[in-house]
Amino acid sequence: IKQKKRHMGDTKHFCPVSLKENFVLYPGLQEHAVKYKEKIYYFSTSEYRDEFLKNPEEYVAHNEPLQAPPLRVCLLGVHGAGKTTCAREITDKLGIFHIQFEEYLQELILPKTKRKVGPFFDEDHEDDNKILEELEDFSQTITITETEKTKQEVELTDEERAIKANLMGNRELPPEVLDKIVPDWWKKEPFRSTGFILDGFPRTLDEASYLSERGLCPDIAIYIQVEEGDILKRLFPPRLKKWKEKQLKKKEYKKKLKELKAKIRV
């Protein structure tokens, strides 16, 4: 039996209140439907349905069709899968923003830490500090104040400490910290009207649940699956190059240290 065509609202099966308030196309449910001016509107929650009924004209189209939100993409994958490379190509073609999540966290605490933090970065920094201390012991030209600045503990806020712990040991960020970072990409300009590709977030089930609970829905989530051998081929050459540079740097420091010791003996 041919069913009678339903006259859907301006947002079809999407919730008009979610679109207006959060600029997100969130599917509505039949149990939260109302009829207004011979059209049927579906809502994601009963609260949004009630909000619509208070002032329907605020959520319907008038002179022109309602504007759909821009593309929002979550790009996922293991470290070394090539997320950032792919994200840059996509953003260049689509004209949307590229947000590298871990790099963004680094920028938030960089004014305090003065350097990037994490296992990969700390390894180099510890070697530099060790050599610097040895040079200071045998050199009269290196000032104590420079070394003190390096050793000085930086006062971090609770939020900054949580970010640092995440970068250092992959500890999950609490919701109250995520609330100060993530929602802005959906709700504030220029991301709100331009769109973005979020590189490296969410990384855990809890972070995915966080997005769902806050109504921050990506239009698409892409997971890049790569063979371990391909990742090794991509990451090993630059790591090897960095290791060689580090060894050369150590050799130069040891040479300077030897020269300083010789001067002191004289």
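This is a predicted model: local features need pLDDT of at least 70, side-chain atom pairs count only at pLDDT 80 or more; totals for chains, interfaces and linings use all residues.
View 1. Arginine 203 comes out as partly exposed, at 34% relative accessibility. Its partner in a salt bridge is glutamate 207, with 2.6 Å from N to O.

**View 2. A salt bridge between aspartate 184 and lysine 188.** Here the closest N and O atoms sit 3.8 Å apart. That still makes the list because the rule asks for a side-chain nitrogen within 4 Å of a carboxyl oxygen. Aspartate 184 has a relative accessible area of 27%, so this residue falls in the partly exposed class, between the 20% and 50% cut-offs.

**View 3. Three charged residues in a network.** Asp179, Glu213 and Arg214 are tied together by a network of salt bridges. Zoom out to the whole model, and the count of salt bridges comes to 13.

**View 4. The hairpin made by S1 and S2.** Strand S1 covers residues 29-36 and strand S2 covers residues 39-43. The two run antiparallel and pair over five bridges. If you want a place to start, pick leucine 29, whose bridge partner in S2 is phenylalanine 43. At the turn, two residues lie between the strands, and lysine 37 there takes a positive phi of about 50°.

View 5. The side chains of lysine 35 and glutamate 38 meet with 3.8 Å from N to O. Are these two buried or exposed? Lysine 35 is exposed, with a relative accessible area of 60%, and glutamate 38 is exposed too, at 59%. Both get that label because exposed means over 50%.

**View 6. Helix H7 and the residue that follows.** H7 takes in residues 158-169, 12 residues in total. From its first C-alpha to its last, the helix reaches 16 Å, close to the 16 Å expected at 1.5 Å a residue. Which residues of H7 are buried? They are Glu160, Ala162, Ile163, Ala165, Asn166 and Leu167. Just after the helix comes asparagine 170, with a positive phi of about 60°.

Definitions and conventions
Residues are numbered from 1 along each chain as its sequence is written. Side-chain values use heavy atoms; hydrogens and water are left out. Helices (H or I, at least four residues) and strands (E, at least two) are DSSP runs, numbered from the N terminus. The expected span of a helix is 1.5 Å times one less than its number of residues. Buried means under 20% relative accessible area, exposed over 50%, partly exposed in between (1.4 Å probe, protein chains only). Two strands pair if DSSP finds at least two bridges between them.
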